[in-house]
Amino acid sequence: MFVKVFVFLFLLFIFHHDPADAQKKKETLLSEKVTQMMEWASKRSVIRMNGDKFRRFVKAPPRNYSVVIMFTALQPQRQCGVCRQADEEFQVLANSWRYSSAFTNKVFFASVDFDEGSDVFQMLNMNSAPTFLHFPSKGKPRRSDTYELQVRGFAAEQLARWVADRTDVQIRVIRPPNYAGPLLLGFLLAMIGGLAYLRRHNLEFLFNKNVWAFSALCFVLIMTSGQMWNHIRGPPYAHKNPSTGQVSYIHGSSQAQFVAETHIVLLFNSAVTMGIVLLCEAATSDIDIGKRKIMCVAGIGLVMLFFSWLLSIFRAKYHGYPYSFLMS
């Protein structure tokens, strides 16, 4: 009987865990993880992670900090131009947070490259890059913790708004000075001023209605193609699936677009406009009747062909649109 009691007490001693000791170990582990993350962040604003680091510092508890991760494919063989553009904006955002006076260990920024952490991509069933995910300090990521890249673009300012919405951390984006725009504007103004000076005795071209009509037409075509939306949202030029290598130039949703898409629409609108101009010239010009017929046929062909392509793009973005012309 004494032996049984002794064995019972011995086993109870072995398997008994003091809650205070368990809490102390948890706090020690958490402190070590935070210290390590802060050390990495002091060297690189965007912490580079592989599978082991991701499982230990992001997936495994305990964790009292949020991690915003960009899943990307930056290796040259992946040929992901969008990934490089997104990486530049992500670096701007992370640097703005790292070197701000409000920097704390509440949020960290990290990246996982496909060639360094393909197991992480498989773990998360991820088949496209770049992708931004927020891993909250408590609980599992929700649907809103996945950044809508194709809708909002990857501009640092848009990412900062999303981070603020998910973490309540306000980040003031500070970009390094870029003198390309002012220099280009100054060069353009100098060219215009030089041209006006050289032709100071003959400024009739300033009153040429064709020059002003062409300038106004270019401005309208640029604005109607979506260039201002690109400037505000900062969407990617195109989207390439790293698994299949397929490149998409037209966004499949009516709520977003790619930069390449605006260039295509600009080209098609310009062609339709040129067709209308040719038809007007064919109807009102005094040139030879044979040339007028050629202009008429060319104008009709441009309008029909490119307007049909415009409708095809519209149908691809607005699913269920019933109308088409020449091609579906």
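These legends accompany several close-up views of one predicted model.

The model is predicted, and local features need pLDDT of at least 70, side-chain atom pairs count only at pLDDT 80 or more, while totals for chains, interfaces and linings use all residues. Residues are numbered from 1 along each chain as its sequence is written, and side-chain values use heavy atoms, with hydrogens and water left out.

**View 1. Domain 1 and domain 2 in the chain.** The domain assignment gives domain 1 as 25–167 and domain 2 as 203–317; such bounds come from an automatic or database domain assignment. Taken over C-alpha atoms, the centres of the two domains are 40 Å apart.

**View 2. The interface of domain 1 and domain 2.** Here 14 residues of domain 1 are in contact with 18 residues of domain 2, where contact means heavy atoms within 4.5 Å. The size of an interface is often given as the accessible area lost when the parts come together. For these domains the buried area is about 1300 Å², with carbon and sulfur atoms giving 52%; buried area is the accessible area (1.4 Å probe) that two parts lose on being put together, summed over both. On the side of domain 1 that touches domain 2, the elements giving two or more residues are α4 (81–98) and α6 (149–152). The largest share of that side, three residues, comes from α6. Helices (H or I, at least four residues) and strands (E, at least two) are DSSP runs, numbered from the N terminus.

View 3. A salt bridge is a side-chain nitrogen of Lys or Arg within 4 Å of a carboxyl oxygen of Asp or Glu. Have a look at Lys 43 and Glu 39, which form a salt bridge with their closest N and O atoms 3.7 Å apart. Because they are four residues apart in helix α2 (residues 19–43), Lys 43 and Glu 39 are separated by about one helical turn.

View 4. In an unreviewed entry, UniProt lists residues 179–198, 210–229, 264–282 and 294–314 as "transmembrane region"; UniProt positions are given in the numbering used here, feature names are shortened, and annotations may be inferred rather than shown by experiment. Residues 210–229 are 90% helix and 0% strand, with end C-alpha atoms 29 Å apart. For residues 264–282 the values are 100% helix and 0% strand, and the end C-alpha atoms are 27 Å apart.

**View 5. Backbone details in two loops.** Most residues other than glycine have a negative phi, and most peptide bonds are trans. The peptide bond from Pro 61 to Pro 62 is cis, with omega near 0°, and Pro 62 sits in the loop between α3 (51–59) and β2 (66–72). The bond from Ala 129 to Pro 130 is also cis, with omega near 0°; Pro 130 lies in the loop between α5 (118–123) and β4 (131–135). Asn 125, in the loop between α5 and β4, has a positive phi near 55°.
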